[in-house]
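Please consult the sequence and the model while reading.

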There are 2 protein chains.
Amino acid sequence: MAHFLASELEALGAEVEQRPLGKQPGKEHLDLPPVVIARYGNDKNKRTILVYGHYDVQPALKEDGWATEPFELTVDAQGRMFGRGSTDDKGPVLGWLNVIEAHQKAGVELPVNLLCCFEGMEEYGSEGLEEFIQSESKKFFKDADAVCISDNYWLGTEKPCLTYGLRGCNYYSVSISGPAQDLHSGVFGGSTHEPMTDMVNILSKLVDSQGNILIPGIMDLVAPLTEEENSLYGKISYTMDNLHESLGSKTNIHATKERTLMARWRYPSLSIHGIEGAFSAPGAKTVIPAKVIGKFSIRTVPNMESEDVNKLVFDYIKAEFAKLNSKNTLDVSLQHDGKWWVASPKHWNFTAASKAVKQVFGVEPDMTREGGSIPVTLNFEQATGKNVLLLPMGSSTDAAHSVNEKLDKKNYIEGTKLLGAYLHYVAEEPVSEA
Amino acid sequence: MAHFLASELEALGAEVEQRPLGKQPGKEHLDLPPVVIARYGNDKNKRTILVYGHYDVQPALKEDGWATEPFELTVDAQGRMFGRGSTDDKGPVLGWLNVIEAHQKAGVELPVNLLCCFEGMEEYGSEGLEEFIQSESKKFFKDADAVCISDNYWLGTEKPCLTYGLRGCNYYSVSISGPAQDLHSGVFGGSTHEPMTDMVNILSKLVDSQGNILIPGIMDLVAPLTEEENSLYGKISYTMDNLHESLGSKTNIHATKERTLMARWRYPSLSIHGIEGAFSAPGAKTVIPAKVIGKFSIRTVPNMESEDVNKLVFDYIKAEFAKLNSKNTLDVSLQHDGKWWVASPKHWNFTAASKAVKQVFGVEPDMTREGGSIPVTLNFEQATGKNVLLLPMGSSTDAAHSVNEKLDKKNYIEGTKLLGAYLHYVAEEPVSEA
């Protein structure tokens, strides 16, 4: 895929390099797939846009339940283009190449310089990319005036969106240990403090069934909701039916779409993922687990700083554990954290994209954030210091990562027009303050 | 092993049968190993004792960490006889055969008739045995006046015991489900009711860190502690150091041995074993599990009836779940139950064994109960309607089921004398009221 992409870019006249990223950690006999970087245009009088995408895909086998061969693009009567990577992220990557080709065929000069960064390990945590972006920030990427990433999705199926924010994630482990080995609950039940008893007690103190985080001080770190922001949610093209459809159930906490979107985008949440070390198989086993490790994570939002969150979490859990008067031993630690990201939607990068949506689709785009994280977004922002825009091509029904992944022909064609139009508006926009 | 045992018994002059138990459920190409039943003596003027043991063992491989070949009996300088099955339960089974042989060699008539029931699936849940015992209760087992089982252990290492009680076990599943499939916690955290949040909440309401069962009404079912019973615990040969040694930690709930033994033998306990369906592997996964099944069990004691316990458990959990105002769905069910067992230690079966201990070891035995369950005990009691005695040969340090299982030569030789002496006192004891 890297070679194919490089040769396509070369055929279009771009300067292309395939940069090695070294060996795959833990699998030292394997080279990481190279990053394909390219420059198209080098006019000092034009803005330079850095575009990111990835050419790797999730695994797929027909027997997973695909209706068609996953690695043969199959278009049905409704114009749905089925195939692994169609929407995530080969379609959008090809979209950028189509933009260049279309300009060449129409005899129109591209109004900006393009820098491309297409990686091959996105679905495996972008192994090696963060270091690469950092080391090239003052070299290959130094001319970038803004960044555009097309690797997410519309909130629904009808209306394009521009994405300007992501939640961060702090992932924690709580370990509770007691006896030296697992015990028989018949023999020892009632005479020893049991780590699982303490564990469910501690985990039950973190969040209630309505999603309220019970750790004191956490909500005080959250940026207050302004009148201006509050007024944005009602206009977003989203319904409670959309939520019910994605859940496959009517287990929504909030009654309105506004409150649901806020819960997803701008408030923190705490999820308990599971417990390591306890009995987790089907059936029955009368064990007292000797050591159990509870896993939970907090989705973070502005202005939560990771260290502040950690301190509140650690202090609270230790204090709650002390109340139990258990002779077991508790340890709580951060497994990893990733910061939230919010860009300024008033930056020319966004206003250009917004005008392009209006031009191509005839509507104002929804300005959205996302509940999950896309770490490369923050990496580019931090390394280049420039505004980053998420400009999705596919829709919410594309089933990225799932069977029968598809991209609608309409989204592909209009989305490619959108990428092109965006570059034209980028060239015209005045410098913004933000 | 069945053939070996049958031929040994035949050589001693017993009438022996190897009874098939059909096919192994779920593995229909395999015959269950036969039950070896035998009669030795048929004198209507003698009492008849039914003895039970098993000739199968736990799996063992040298590479599990054994210091010696697990299937070669190896005796060290301290007289410890290492080998799989030495204490559980081949040693005690051979003990019965040695008793017959010793009487023959000494020219002394056995003072009772013996019925033997030696099975080969004990370590696999005694597959097929309960039905066999039931169907033979009025046939092969009909003459039994009492039952003696040598398949448990002394409480410590110095003092023999007679065991007259076992706790029962009610094993429960609590299932909580919400969304149709596992969800991404970034996208849906905060906007849907999460089954794991409800689960840890429900489980935290069952038992506190001091081992107190929080389900209202459970403790009201427990037989009150009488003065007489209360006075028994102080005399038992057991120390808090014994407990710490078996736990490998000092995480005892109770400060005294008396209260510890009561917690193990005569009070119920509730242990939380684990959660099926949640993330249980090492590392981090940001999943919202769609359906989780919590597993816990209650060790039951006199006079807790299973149906009463179930009703209290079901009603309480449903009421607590209702308080959560969650839109998830809860289901709670009993996976299996096994009743507690308490025999009368004043029955002649016990007084005979007690006198035998005094004769062989020079001490009064500890009268003990056990926290776990040995279902065959209750099966024999219910099928024959006769008193059942647990008369252990091995000590608490024998490491049954573990690596380096052993039986001390002293326990084997004195224990065999004990089995023989027991049969003589059985022949002499007057009929008891109990």
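Phe141(B) has a relative accessibility of 1% and therefore counts as buried, since buried means under 20% relative accessible area. The model in which this residue is examined is a predicted one.

The surroundings of this residue may be considered next. Across all chains, a search of the whole structure finds 16 aromatic pairs. One of them joins Phe132(B) to Phe141(B) in an edge-to-face arrangement, with 6.1 Å from centre to centre and 85° between the planes. Phe132(B) and Phe141(B) are both buried.

Which parts of the chain does the pair of Phe141(B) and Phe380(B) link? Phe141(B) belongs to the loop between helix H3 (129-136) and strand E9 (146-149) of chain B, whereas Phe380(B) belongs to helix H11 (residues 375-384) of chain B. The two residues are 239 residues apart, and the pair thus connects distant parts of the chain. Phe380(B) has a relative accessible area of 0%, so this residue is buried as well.

Attention now turns to chain A. There, one aromatic cluster is formed by Tyr52(A), Phe132(A), Phe140(A), Phe141(A) and Phe380(A).

Charged side chains also lie over aromatic rings in chain A. Arg47(A) is placed over the face of Trp348(A), at 3.8 Å from the ring centre. Lys339(A) lies over the face of Trp340(A), at 4.0 Å from the ring centre.

Notes. Residues are numbered from 1 along each chain as its sequence is written. Chains are lettered from A and ligands numbered from 1 in the order in which they are written. This is a predicted model: local features need pLDDT of at least 70, side-chain atom pairs count only at pLDDT 80 or more; totals for chains, interfaces and linings use all residues. Side-chain values use heavy atoms; hydrogens and water are left out. Rings of Phe, Tyr and Trp (its six-membered ring) pair if their centres lie within 6.5 Å; planes under 30 degrees apart count as stacked, over 60 as edge-to-face and the rest as tilted. Buried means under 20% relative accessible area, exposed over 50%, partly exposed in between (1.4 Å probe, protein chains only). Helices (H or I, at least four residues) and strands (E, at least two) are DSSP runs, numbered from the N terminus. A charge sits over a ring if NZ of Lys or CZ of Arg is within 6 Å of the ring centre and within 35 degrees of the ring normal.
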